[in-house]
Amino acid sequence: EQLPTELRSALEAATTAELLIPGLTLTPGLAYRLRLNVTMRSNPEAFASEDVTLRVRDEPLVVRTLTTKRTVSASSQVVIDASASYDPNDPDDVLGAFVIDVTSSPEVLILDDYFSADGRVITLPAGTFSADTTYELRLTGSKGNRTATAMVMVEVVSEPVPLVE
C-alpha cells in the first residue's frame with residue numbers, strides 16, 4: 001500500500017535513528033513496504049539498506065459503561081449507558097449498536113426493544129428484573145469483524161434504593 005504523501009515526505013527527510021509514525025496515519029488491515037537506509041555520520045560511505053514490511057493491526061474496541069455494579073429496586077427502571085465506548089482506530093466514528101445478554105438469569109429476557117435510537121443506552125422498565133436476584137449483563141459492541149464486551153452486575157432488591165446526589 002502506498003504511504004500517505006505527507007508521511008512519505010517526512011520519512012524521506014528523516015535524519016534520525018528513530019522512525020515515528022503518528023497514530024491514525026496508517027490504515028489498519030493494510031501492509032506497507034518500507035526501505036530503510038542507514039548511513040553513519042562519521043563515515044558517510046558506510047551505508048546499509050533493508051526492506052521491511054509493516055503490517056498495521058486494528059486496536060481493540062473499547063466498551064465502557066458508567067458503572068460495573070449497580071443496586072436497584074425492582075420498582076425502578078435500569079439505565080445502562082455505554083455512550084463512552086469508542087473505536088481507537090477511528091475516534092470520530094462511533095461503535096455500532098450494542099447487543100446485551102443477561103448471562104445469569106433464571107428467566108429468558110428479551111431486551112432488544114429497550115435500546116436508544118443510537119443503540120448505546122438501554123433503559124429497562126421497572127419490573128424487568130425480579131427482586132432479590134443479582135443479574136450479570138454482558139454488553140457487546142461491534143464494528144466490522146471486531147467486538148468488545150463489558151460486564152455490568154445488577155443487584156435487584158425489593159425495597160426502594162435512595163438516590164445519592
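**View 1. Leucine 124 sits in strand E6, which covers residues 121-124.** Strands here are DSSP runs of at least two residues, labelled E and numbered from the N terminus. This is a predicted model, where local features need pLDDT of at least 70, side-chain atom pairs count only at pLDDT 80 or more, and totals for chains, interfaces and linings use all residues. Residues are numbered from 1 along each chain as its sequence is written, and side-chain values use heavy atoms, with hydrogens and water left out. Leucine 124 counts as buried because its relative accessibility is 0% (buried means under 20% relative accessible area, with a 1.4 Å probe and protein chains only). Look for valine 79 too: it is 45 residues from leucine 124 in sequence, yet the C-alpha atoms are 6.3 Å apart.

**View 2. Serine 85 belongs to the loop between strand E4 (78-81) and strand E5 (99-102).** With 4% relative accessibility, serine 85 is another residue that counts as buried. What does its side chain reach at 2.9 Å? The backbone oxygen of alanine 82. A polar atom of that serine 85 side chain also lies 2.9 Å from the backbone nitrogen of arginine 64.

**View 3. Aspartate 132 is found in the loop between E6 and strand E7 (133-143).** Is aspartate 132 buried or exposed? It counts as exposed, because its relative accessibility is 63% (exposed means over 50%). Check the backbone here as well: the phi of aspartate 132 is positive, near 60 degrees, and this residue is not a glycine. Most residues other than glycine have a negative phi.

Key: Helices (H or I, at least four residues) and strands (E, at least two) are DSSP runs, numbered from the N terminus. A polar contact is a pair of N or O atoms within 3.5 Å; within protein, one must be able to donate a hydrogen and the other to accept it, and residues adjacent in sequence count only if both atoms are side-chain atoms.
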